[in-house]
Amino acid sequence: MTRRATAFVSRPRAALVLAIVASLAADAAAQDASKPRAIAYKVKRAVTVSGAAIDDAVLLVEGGKIVKIGKASEVEIPDAADVTDLPELTASPGFIHVASLAFLPQPDFDGQGRREGGDRRIADEINPTWEQVGKLARAGFTRLNIVPPDGGIAGYGCLVRPIPRTERPLRAEQLVSSRESCLMTGFAPRTTNKAFWKELFQKTDPKKDEAKGDESPRSGSRPSGESRPTSASRPTDSKAADARDAKTAPFLDVLDRKLPCFLFLGNSAAFAHFEVYFKDHPKFRPVLILRPDAWVILDQVKKLGVPVVLSTSASQRPDTNILRQAALEAMDRGIATAVIPETNFASGYADFAFHLAELIRRGADPAQALRAATLTPAEMLGVADETGSLDAGKTADVLFWTGEPLAPTSRLVRALAAGAVVYDETKEP
Amino acid sequence: MRSVRHLVALVVASVALAQDSRPESGPDSGPAASRTESGPASRGRGRGRGRFGRGEGADSRAETRADSRPDEGAASKPVSPFLAIKDGILYPVSSPVVRRGTVLIKDDKIVDVGRDVTIPEGARVIDARGKHVTPGLVSVTVFGTFAGGFTPRGEEKTADQFDPYNQRMLMALSSGITTGCEGALQGGGGFFGGGGRGGGRGLGTPIGQLAGFVGKHAYGSIEGVTVRDTAALLVQYGAGDLLNRGQTRDAVRKAVEYRKKRSDWIAELAAGKKDAKQPPLDDPTKNWVRVLDGELPCLVSSDDRNDLEAVADLSVEFELPLVVLGANEAWTIAPRLARAKLSFILNPRQRDSAGAWNNPAAPHENGWSVENAARLSAAGFRWCVQPLSASVGTGGLMGRDLLQLNMDAAFTVRGGATEEEALAAVTLRPAEILKIADRVGSLEVGKDGDVAIMDLDPLDYRSFAEFTVVNGRVVYEKDKTSFFNHVQTDRSKGLKGSWANER
């Protein structure tokens with residue numbers, strides 16, 4: 001921010017603006033001046049993901065958003081805009097990591113616990129460093145959904161985006177764009193975990209309660225401040241409404257389809273055991289985060305009609321040398337699939353584009369593979385109106401490549417997150 | 001289809017790089033390209049036949065179908081509750097062989113068996129003409145077929161940890177093994193981690209411990225897996241172990257006394273004495289009462305003839321039914337053991353671990369004998385066999401793991417047992433020993449729909465299971481599963497019939 005404001009001072013027009021606001025508070029001045037000018041990126045090709053690719057394209061970016069996108073011959077570039085000419089490069093939407101553990105100390109997902117973390121927000125726990133942020137941007141991630149990796153109701157995930165590096169220490173809030181992006185849950189086939197989920201469903205699924213009839217005396221003394229605004233539409237006479245507290249509230253929102261939900265299932269056995277709950281509770285249809293061994297259950301997943309999150313890893317079929325790639329097979333079956341890197345650490349994200357290329361070599365449709373890392377995760381998180389593709393009105397999360405985005409020989413040379421350059425090959429040390 | 005897409009992907013990549021498109025080899029420059037090309041997909045060799053021969057993509061697809069639940073293939077049509085295994089050579093085990101008969105299963109139970117079976121319209125039919133249809137095999141020991149080997153702790157239940165997609169389970173099914181007991185017997189012989197000879201000499205071991213559970217290999221479903229939550233009471237009892245012997249006998253004596261009190265109490269109730277109180281029962285005694293009542297098997301590991309005599313004495317003293325595991329030297333004293341209520345789990349292919357088999361310098365017959373099973377039969381005993389190893393895998397040596405359970409049975413025939421006894425030793429006998437014969441072990445009306453359909457005689461070393469059915473569900477098909485689908489021999493022509501064919 002500071003750097004950009006300084007840069008603007010040298011321009012006459014900006015200097016005039018600065019002069020006008022100089023009499024006001026210094027903070028306000030800095031903010032106003034920092035509003036970036038429109039930039040027109042002229043590229044060889046733009047792979048929009050939402051529609052057909054555009055050759056000789058122009059992306060007009062202003063105020064962190066894509067204002068216009070189209071063929072160079074059709075898009076009018078305003079005089080006020082700076083033109084960045086990138087005739088060799090291809091633009092694509094930025095990658096979205098739909099379930100990342102970046103900035104967290106925990107190395108892996110854990111479906112084992114029986115946490116009731118409905119009031120837990122992972123935004124309060126992340127501890128990012130500039131170095132990590134740089135790595136994410138260099139790997140092409142312009143948006144990440146950080147999730148608490150525990151079992152049970154693990155808590156709220158948060159959406160973060162990389163920002164340009166400054167000299168000041170990084171604070172987590174600078175990255176966070178949503179503190180309640182989703183509810184993260186987990187399950188592993190254990191007696192204790194089953195008891196947790198059974199109790200949770202009994203407490204929260206109104207359908208079950210209606211069937212049984214509400215015989216318990218209603219608590220009229222519940223303080224009104226306790227219920228969240230989102231619960232206003234719920235029938236107050238249902239048991240489920242009484243079950244609403246800080247811990248169950250997000251789960252009730254999930255059942256009402258007000259909040260995206262992810263369920264981590266540690267292996268295909270976990271899915272087999274959880275299938276029972278899916279049968280009894282048709283309202284609960286979370287996005288499943290599955291392991292590479294999920295190839296064995298994809299038919300059932302398809303029948304269930306839920307989206308899945310899979311890494312690019314291939315899993316070796318036990319006792320044989322046959323490799324199966326669940327992400328590929330899920331896409332083949334027409335299951336909505338988001339693909340994530342094979343590791344959970346920011347430092348392991350670097351090869352993500354290459355692993356997607358491998359997925360394509362093994363038979364994935366290139367367009368489908370790119371969608372699995374951009375628009376599909378945006379849809380899962382309910383932010384597809386905001387990001388995930390190159391469309392006018394969406395946030396300017398753009399990657400610039402030396403060739404087709406996921407060709408193994410292509411290189412990422414520049415990344416924009418909300419219009420700001422978060423990675424530039426030429427400026428790397 | 002996939003190769004076309006592959007080609008398209010490569011063309012796209014190549015065009016973007018303004019290079020010649022060479023779909024045969026892909027983009028040929030850069031470390032990335034060479035890395036991808038050395039990947040597993042290029043490992044395929046041979047053509048069409050073997051597991052490794054097919055292209056990666058085609059292979060994945062074929063297998064996915066086989067590994068998913070075969071029953072649910074046609075989702076649109078309502079599936080008939082009936083499954084008929086038609087016109088096979090039936091081995092009901094509990095009754096004589098039927099040359100051409102049908103097994104009819106409704107839902108998960110057998111509803112008809114025999115020559116004249118009416119197949120309801122719409123029933124799913126497996127044509128078993130010329131094939132050998134046996135009850136699903138029962139192994140008194142399996143390892144890792146349910147969830148890769150687990151030990152339930154605290155409030156955890158075994159059933160909550162099943163992995164119904166466990167590949168080892170599928171492998172067991174490829175040998176027709178539909179029911180197994182996990183966690184009571186360890187490895188190839190003996191339990192508590194030790195060999196069988198001189199079993200029970202260790203100090204400080206529990207005198208009676210519940211262990212194991214019995215389950216079905218219901219691949220692809222967590223329903224209908226558990227048969228018994230607790231498999232057996234394990235006991236150590238040897239001629240040289242004075243402490244254990246004393247404690248065990250005290251415990252059994254208590255149970256015998258309780259049963260006396262209990263029958264008194266029942267008599268009092270029957271006589272109209274309403275205030276008669278049920279005698280108190282503590283937990284350790286309860287297990288022994290269940291053993292004496294014939295509800296729970298009691299397993300004792302014993303190979304040495306002195307130990308076997310001691311075990312027989314224990315059985316005689318308390319009329320205690322015992323299952324002897326190992327019993328390598330039982331053949332030397334089989335008639336003398338006949339006084340006791342014993343049944344046996346034998347290791348027909350395992351020589352004596354002490355290495356002293358029939359040492360002529362010893363004062364009496366000793367060690368291992370191939371005739372063990374036959375001599376026990378002659379003495380009137382019932383026995384089953386356990387495999388050389390309870391685990392299963394494609395590694396190691398073929399014929400030395402769970403997959404060749406039928407070979408262990410066949411080996412008793414080499415020692416003089418009959419084929420009928422041998423087949424029973426992997427079906428009905430283990431079911432009886434595990435106290436689950438009301439559900440599995442034979443093809444009888446009312447029993448579970450667990451069936452193995454083999455291409456040759458079940459005791460023939462050449463035979464393969466072609467279909468395996470558990471709880472009325474086809475859970476294994478040889479042709480659709482990677483383990484043996486490459487075996488394409490026309491077995492109806494090239495091979496001579498075995499003993500059953502000639503009968």
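User: Which residues does Lys394(A) touch, not counting those up to four places away in sequence?

Analyst: Contact means heavy atoms within 4.5 Å, and on that basis Lys394(A) touches Lys65(A), Ile66(A), Leu375(A), Ala384(A), Asp385(A), Glu386(A), Thr387(A) and Ser389(A), with residues up to four places away left out. Please keep in mind that this is a predicted model, where local features need pLDDT of at least 70 and side-chain atom pairs count only at pLDDT 80 or more, while totals for chains, interfaces and linings use all residues. Residues are numbered from 1 along each chain as its sequence is written, chains are lettered from A and ligands numbered from 1 in the order written, and side-chain values use heavy atoms, without hydrogens and water.

User: Why does Lys394(A) have no salt bridge?

Analyst: A salt bridge needs a side-chain nitrogen of Lys or Arg within 4 Å of a carboxyl oxygen of Asp or Glu. The nearest side chain of opposite charge, Asp391(A), is 4.2 Å away, so Lys394(A) has none by this definition.

User: What makes Cys298(B) buried or exposed?

Analyst: Buried means under 20% relative accessible area, exposed over 50%, and partly exposed in between (1.4 Å probe, protein chains only). Cys298(B) has 1%, so it counts as buried. Among the residues it touches are Leu233(B), Trp288(B) and Pro321(B).

User: Why is the pair of Phe274(A) and Tyr277(A) called edge-to-face?

Analyst: Rings of Phe, Tyr and Trp (its six-membered ring) pair if their centres lie within 6.5 Å; planes under 30 degrees apart count as stacked, over 60 as edge-to-face and the rest as tilted. Here the centres are 5.0 Å apart and the planes are at 70°, so the pair is edge-to-face. Both Phe274(A) and Tyr277(A) are buried.

User: How do you know that Arg324(A) lies over the face of Trp295(A)?

Analyst: The rule asks for NZ of Lys or CZ of Arg within 6 Å of the ring centre and within 35 degrees of the ring normal. Arg324(A) lies over the face of Trp295(A), at 4.2 Å from the ring centre. Another case is Lys478(B) over Phe464(B), at 5.5 Å.

User: What is the mean pLDDT of chain A, and where does pLDDT stay under 50?

Analyst: pLDDT is the predictor's confidence in each residue, from 0 to 100. Chain A has a mean of 84, with 82% of its residues at 70 or more. Even so, pLDDT stays under 50 over stretches including residues 1–12 and 14–32. Where pLDDT is low, the predicted coordinates should not be read in detail.

Methods:
Lys, Arg positive; Asp, Glu negative; His and termini not counted.
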